[in-house]
Each structure stands twice: as C-alpha cells, then as structure tokens.
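Please consult the sequence and the model shown below while reading.

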Amino acid sequence: MACIFCDIVAGRAEASVVHEDEQVLAFMDIRPMTPGHLLVIPKQHATDLAELDAALGGPLFATAQRLAAALRRSPLKPAGINLFLADGVAAGQEVFHVHLHVLPRTPGDGWGLRGTFQWPHRMTLDAQAGQIRNVLPE
Ligand SMILES: [Zn+2]
C-alpha cells in the first residue's frame with residue numbers, strides 16, 4: 001500500500017529534511033500546527049506502535065529530544081515544546097506510518113489537548129494498574 005512517509009524516505013516525495021541517520025528521518029510537517037512543527041519517523045515502515053520495532057523507540061525519542069533543543073536555539077525561539085504521538089484513528093492518527101510530532105509552543109498559539117481531569121478512587125487506579133501490568137510486553 002502506498003505510504004507518503006515511505007515515499008519521502010525513498011526520495012519519491014519531497015520533504016524539508018532536518019535530520020537523517022540510518023534509522024530515523026525528521027522533516028518539516030507540510031501542515032504545521034505551529035511554526036517549526038517537525039515530524040520524526042522510523043525509516044522502516046511501521047503502521048502503529050504495535051508494529052514498531054521496540055529498538056526504534058529510543059532513537060525516535062532521542063531524535064525528538066535533539067530537535068527540541070535545536071528549535072529552542074533557532075530563531076523560531078519557542079517558549080515550550082510538546083512531543084505528541086497519535087497511535088490509532090481514535091487518537092487522531094491520520095498517516096499510518098508511525099510519527100512523533102515535535103511541536104514548538106508559544107503562549108496563545110491555540111494548540112492544546114482537550115479533556116477533563118477525572119478523580120477515580122485509588123482502588124480503581126490499582127485495579128487498572130494490575131490489568132496493564134498483567135499484559136506488559138517483555
Ligand atoms: Zn510507510
């Protein structure tokens with residue numbers, strides 16, 4: 001199946017590349033939500049986190065960390081950075097090749113996560129922690 005990010009990796013589609021190494025590619029988002037919005041992807045196709053080689057999670061995050069440092073030094077001078085990864089349609093994933101957003105932030109830029117904090121009982125939290133612990137992959 002055609003994948004726009006695989007096309008970018010292969011040089012079949014253009015991108016404004018900021019970083020490339022053997023495992024990871026980082027480039028400007030073509031539809032930035034804030035100025036300097038970057039995407040970090042594994043070069044090897046993985047549809048979602050479940051498919052992503054666990055060994056690539058580290059390099060993806062490390063690259064995002066370096067890009068965040070570069071953004072702060074750059075003339076874009078963001079006041080903050082969000083790292084954001086949408087895994088699955090319900091989470092807002094639109095391109096089905098894993099990508100980590102590096103989002104420069106400034107006060108009043110209009111970007112944000114919507115939601116309402118809940119205050120579950122400790123028993124609920126402990127029960128949920130157990131449910132997750134029981135199926136934690138190696
Ligand atoms: Zn792909």
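In which sense do β4 and β5 pair, and over how many bridges? The pairing of β4 and β5 is antiparallel and extends over 5 bridges.

## Basis of the report

The model is predicted: local features need pLDDT of at least 70, side-chain atom pairs count only at pLDDT 80 or more, and totals for chains, interfaces and linings use all residues. Residue numbers start from 1 along each chain as its sequence is written.

## Overall architecture

The chain contains 3 helices and 5 strands, where helices (H or I, at least four residues) and strands (E, at least two) are DSSP runs numbered from the N terminus. Along the sequence these elements follow the pattern α-β-β-β-α-β-β-α. The C-alpha atoms occupy a box of roughly 50 × 40 × 25 Å, taken along the principal axes.

Of the 138 residues, 19% count as buried. A residue is buried if 20 or more other C-beta atoms lie within 10 Å of its own, exposed if 12 or fewer, and partly exposed in between, with C-beta atoms placed from the backbone. Two residues are in contact if their C-beta atoms, placed from the backbone, lie within 7 Å. Among contacts between residues at least 6 apart in sequence, 55% join residues at least 24 apart.

## The sheet

The 5 strands form an open sheet in the order β1-β2-β3-β5-β4, with antiparallel pairing; two strands pair if DSSP finds at least two bridges between them. The edge strands, each pairing on one side only, are β1 (17-20) and β4 (80-84). Neighbouring strands are turned by 15 degrees against each other on average, direction ignored. For this angle, axes are lines fitted to C-alpha atoms, for helices over the stretch in contact, and angles run from 0 to 180 degrees between N-to-C directions. Strands of a sheet pair through backbone hydrogen bonds, either parallel or antiparallel.

Individual pairs can be followed across the sheet. The antiparallel strands β1 and β2 are joined by 3 bridges, and a hairpin of 3 residues connects β1 to β2. Within this pair, E20 stands opposite L25 in β2. Strands β2 and β3 also run antiparallel and are joined by 5 bridges; M28 has L38 in β3 as its bridge partner. Strand β2 is mostly covered, with 4 of its 5 residues buried.

## The nonpolar core

A nonpolar core is a set of buried Ala, Val, Leu, Ile, Met, Phe, Trp, Tyr and Cys residues joined through C-beta atoms within 7 Å. The largest such core has 20 residues, of which L25, A26, L38, V40, L67 and V102 touch the most other members. At least two core residues come from each of α1 (4-10), β2 (24-28), β3 (38-42), α2 (54-73) and β5 (100-105). In soluble globular proteins, nonpolar side chains tend to be buried together.

V40 illustrates these contacts: leaving aside residues up to four places away in sequence, V40 touches V24, A26, L60, T63, A64, L67, H99, L100 and V102.

Helix α2 has 20 residues and spans 30 Å from its first C-alpha to its last, close to the 28 Å expected at 1.5 Å a residue. The expected span is 1.5 Å times one less than the number of residues. Its buried residues are L60, T63, A64, L67 and L71. These residues lie on the same side of α2 because they cover an arc of only 105 degrees around the axis, the arc being that of the directions from the helix axis to the C-beta atoms. The buried residues of α2 pack against β1, β2, β3, β4 and β5, whereas A55, G58, A62, A69 and R73, on the other side of α2, are exposed.

Helix α3 (residues 122-133) has 12 residues and reaches 16 Å, close to the expected 16 Å. Helix α3 is hardly covered, its count of buried residues being 0.

## The loop between α2 and β4

S74 belongs to the loop between α2 and β4. S74 is exposed, with 12 other C-beta atoms within 10 Å. The C-alpha atoms of S74 and D87, 13 residues apart along the chain, are separated by 29 Å.

K77 is found in the loop between α2 and β4 and counts as exposed, with 11 C-beta neighbours inside 10 Å. Although K77 is not a glycine, K77 has a positive phi of about 40 degrees. Most residues other than glycine have a negative phi.
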